[in-house]
Amino acid sequence: MAFQFPRCEVVPTADHQAVFRIDGEERLRWHYGPDYPRPFLYPLVGPSGTVLTRMGHPGAPNHDHHRSIWFAHNKVLGIDFWADRKPPKIYQKDWYCYVDGADEAVMAVQLGWQDGHDPKDLLVQDVIVAVRPGPDKELFLEIQTTFKPVAAELEFGKTNFGFLAVRVAKHLSAHFGGGELTGSDGTKGEPALFGKAFRWMDYSGPAPGGDQEGITYFDHPGNPGHPVKWHVREDGWMGASVCMDGPHTISKEGPLTLRYLLWAHRGQHKLDKAAKVFQDFSNLGMWELVKQPVKHTMWGVKRLPVRG
């Protein structure tokens, strides 16, 4: 039987990177090189072929820690893992699996968080990234992440900064480009959105040829505090602020699992279409890492059924 090339692939490549491809085209790339203070995803390629995310701030050189799509938090036991100040560091400890398929490509890795003074990790973070094609070259990027302390307990302090951040491309930002921020109830603009609770947040703007496209960032209803409060800016950034109202303590018996979906969509933000995507995401079960009994494959992932 002839080998069938999968439609969706995740391929590890040189320089500590992994590339997600749909129909042979790169749509997303994972970077975990040791020279970086934390791993990140860049670029996220939109339906038009234009990159929808950005490395750094368009006007502020002190924001180079904004790396497209990334994990961070600036109060982990009081330690700042947000800015690029050394010595705190988030690094990839290992990879679990790369899974290709007809409908999606899935990568699972483990990250370690170190304060830079003690070689032991403060916590470990399992990350599962699934990339699925949508209609007309749209893209769905599903992210599930679990934070587990090494000690009995660990506190994430009260802050706007954490855990999953998205820096959009310059042309999508409201201040530097032609974009617009919209919340899940249709509310628009940073002043009305900052610090408020929404099921999702959208940044949409111009695309080549006079069209529109953008990124919708969904908070899963199973996340703590859903609907989450948002840290958003007209300069082109959005983040779900899990700890905006207060600290969150995790333990070995009670780790923190967060689930998010980024939808790279065509056209302007449409509430009815986004509501359908949100409902579909809500009805997806969690991912689970599983030990594989087969030769040459140590780990895999499977989708759990949705709890009633």
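Modeller: Start with Cys8: its sulfur lies 15 Å from the closest cysteine sulfur, that of Cys97, which is too far for a bond. Across the whole structure, the search finds 0 disulfides (a disulfide being two cysteine sulfur atoms within 2.5 Å). Cys8 is buried, at 0% relative accessible area. Cys243 also counts as buried, at 1% relative accessibility. Buried means under 20% relative accessible area, exposed over 50%, and partly exposed in between, with a 1.4 Å probe and protein chains only.

This is a predicted model: local features need pLDDT of at least 70, side-chain atom pairs count only at pLDDT 80 or more, and totals for chains, interfaces and linings use all residues. Residues are numbered from 1 along each chain as its sequence is written, and side-chain values use heavy atoms, leaving out hydrogens and water.

Next, strand β3 (residues 25-31). Strands here are DSSP runs of E, at least two residues, and helices are runs of H or I, at least four, numbered from the N terminus. In β3, 5 of the 7 residues are buried, so the rest of the structure largely encloses the strand. Strand β2 (residues 17-22) runs antiparallel to β3, joined by 6 bridges; two strands pair if DSSP finds at least two bridges between them. Val19 stands opposite Arg29 in this pairing. The β2-β3 hairpin has 2 residues between its strands, and Asp23 there takes a positive phi near 55°. β3 also pairs antiparallel with strand β4 (residues 40-41), over 2 bridges. There, His31 has Phe40 as its bridge partner.

Now the open sheet. Its 8 strands pair antiparallel in the order β6-β7-β8-β9-β18-β14-β13-β12. β6 (89-99) and β12 (180-183) are the edge strands, each pairing on one side only. From one strand to the next, the twist averages 20°. Helix α2 (residues 271-282) packs on this sheet, touching β9 (139-149), β12, β13, β14 and β18 (256-266), and its direction makes about 145° with that of β18. Axes are lines fitted to C-alpha atoms, for helices over the stretch in contact, with angles from 0 to 180 degrees between N-to-C directions.

Finally, Arg132 lies in strand β8 (residues 123-133). Arg132 is buried, at 16% relative accessible area. Its side chain makes a polar contact with that of Glu142, at 2.7 Å. A polar contact is a pair of N or O atoms within 3.5 Å; within protein, one must be able to donate a hydrogen and the other to accept it, and residues adjacent in sequence count only if both atoms are side-chain atoms. Setting aside neighbours within four places in sequence, Arg132 has contacts (heavy atoms within 4.5 Å) that include Asp103, Glu104, Leu261 and Arg303.
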